[in-house]
Amino acid sequence: IFARLTTGAPAASIDRTLAKMASKLGDEIKDNALSGLSEQYDLAGFSPGWIQDLVTGCLSQTLSAKTYVGCKFVIGGGKKARGKYDPDMLKYFTEALRGAGFEDDRGASACKECMGTYKYQHDTDQDLKYLHVFPKVDLSAAAAEAAGADTGGAGGDAGPNSPEYQCVACTLEEFQDLVAMNTPSFSQKRALLKRMKVMQSALEMLESMLCDQQTLTEQEQEMYDSMVDVNAKIEHLNKELEKMVAKGRLTKGEQKQMVDDLAKKLEEMDVAIATADAEGKAKKRDALEAAKKKAEEKVAHISEFKPIVYTMANEKELNDLRKELAALEKIENKGGLLKGDDLAKLAKKPNIEKRIADLEGEDKGWFEDECRDVLFTPAAAKPAAAKKKPAAAAGGGNGWLVKAAKGGARPSGAGGGKAKGPANPFALLGDD
């Protein structure tokens, strides 16, 4: 990749391209830290300036993390890899780290005591050189995010009244009812799953603090005591998502979103396969090829179903009211003196606006605003009114109608006449 970038390319263009690579790498490190992942990162083609940017923009900061993490950077290698790396990479990197307050520790590992340290390693078996960096992390950020995560228009302020907090605090049976009533679509369930995993991370962090005999704050203790069967709830939510994919219960927007996500995974696999092939790693290449085949099967499985369509029971009335309001605004904005007929028409405007606000403000379930673009037809996917209702009031049904898309009827029942999909059709999509 680096060779293709640099061959015949202007210096300024190369700088911009690789600077973006450094920035993207920093974002990846932050995301992995938040998920509690210690990963390996290849610095082939990085110059001293980009290394400094990486340290300044990422590694020198205190990262929000699920647990203590380490970053394993490939900084050099033997004859086959030597040309990919700056020969003074170790010098530049360690100087930048020391400038940011890091210390050399040959016995360092991903733990509390080793935050802000690094160590060098030469793997003679693989003939590669590594620099292990253990950044400073803030484990309390996971709990703070869990307690105060944005509810995505779920109807209220974050915290104890948020959907995710209600879900972790109730019994498993109550959770199943809440999911059925408030997250009728795949996208809404997926949005809830994302938030539940943040809560799961917070619970694991609190348990780790207790194991280390740390004293919890009153808020942390309250959160810890309120969490019930979180792992079982996440497992239930995953199974519900699997069922929806297997039965094709996706809208056109959801299908496109999933196929696009899988397409990105396939592109990454192609790069990984080419790298494994170039390095002569046959077993790794075969494993990647098998994973790629499964991903392609998932794309085909998702695409074979006709998408479903969610429509609101009051969609026709809303569309008629919006057209009427648009006509009144045209009259209002044309300027000049208005005729008696126009004034009479404009007198209806406040009532029309109130009716639209009431219809748009009706509770349709959790995270509707966040998922609106992939759930509804363009006519129905207009932004909801600013008026919000408390999330706790979302237990009275969702007010949606579901029908198959035009062009074919949907089979009923679990089988639906379709071949069963893979056991976990969206496993490659990650946590998001």
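1. R285 and D277 form a salt bridge whose closest N and O atoms lie 3.5 Å apart; the term denotes a side-chain nitrogen of Lys or Arg within 4 Å of a carboxyl oxygen of Asp or Glu. R285 counts as partly exposed at 26% relative accessibility, and D277 is likewise partly exposed, with a relative accessible area of 49%. In this note, buried means under 20% relative accessible area, exposed means over 50%, and partly exposed lies in between (1.4 Å probe, protein chains only).

2. The model is predicted, so local features need pLDDT of at least 70 and side-chain atom pairs count only at pLDDT 80 or more, while totals for chains, interfaces and linings use all residues. Residues are numbered from 1 along each chain as its sequence is written, and side-chain values use heavy atoms, with hydrogens and water left out.

3. R285 also meets E289 in a salt bridge, at 3.2 Å from N to O. The two residues are 4 apart in helix α12 and are therefore separated by about one helical turn. E289 counts as partly exposed at 30% relative accessibility. Salt bridges with shared partners join D277, R285 and E289 into one network.

4. In total, the structure holds 11 salt bridges. Another of them pairs D270 with K292, the closest N and O atoms being 2.8 Å apart. This pair links distant parts of the chain, with D270 in helix α11 (residues 252-278) and K292 in helix α12, 22 residues apart. D270 is partly exposed at 37% relative accessibility, whereas K292 counts as buried at 19%.

5. Helix α12 spans residues 282-303 and includes K298. K298 is buried, with a relative accessible area of 8%.

6. A246 is the last residue of helix α10 (residues 230-246), whose 17 residues should span 24 Å at 1.5 Å a residue; the end C-alpha atoms are 24 Å apart, which agrees. The expected span is 1.5 Å times one less than the number of residues. The buried residues of α10 are V230, K233, I234, H236, L237, L241, M244 and V245. Just after this helix, G248 takes a positive phi of about 75°.

7. Strand β6 (residues 128-134) is largely enclosed by the rest of the structure, because 6 of its 7 residues are buried. Strand β3 (residues 71-77) pairs with β6 in the antiparallel sense over 6 bridges, pairing of two strands requiring at least two DSSP bridges between them. C71 has V133 in β6 as its bridge partner.

8. Strand β5 (residues 117-123) also pairs with β6 in the antiparallel sense, over 7 bridges. Q121 stands opposite Y130 in β6. The strands β5 and β6 form a hairpin with 4 residues between them, and D127 in the turn has a positive phi of about 55°.

9. A search of the whole structure finds 4 aromatic pairs. The ring centres of Y41 and F73 are 5.6 Å apart with their planes at 35°, so this pair is tilted. Rings of Phe, Tyr and Trp (its six-membered ring) pair if their centres lie within 6.5 Å; planes under 30 degrees apart count as stacked, over 60 as edge-to-face and the rest as tilted. The pair links distant parts of the chain, Y41 in strand β1 (residues 40-42) and F73 in strand β3, 32 residues apart. Y41 is buried at 3% relative accessibility, and F73 is buried with a relative accessible area of 0%. Ring pairs link Y41, F73 and F93 into a cluster.

10. At the level of the whole protein, there are 16 helices and 9 strands; helices (H or I, at least four residues) and strands (E, at least two) are DSSP runs, numbered from the N terminus. Buried residues make up 41% of the 432 residues. Residues 24 or more positions apart account for 75% of the contacts with a separation of 6 or more, a contact being heavy atoms within 4.5 Å. The protein exposes about 23300 Å², of which carbon and sulfur atoms supply 51%; accessible areas come from the Shrake-Rupley method with a 1.4 Å probe.
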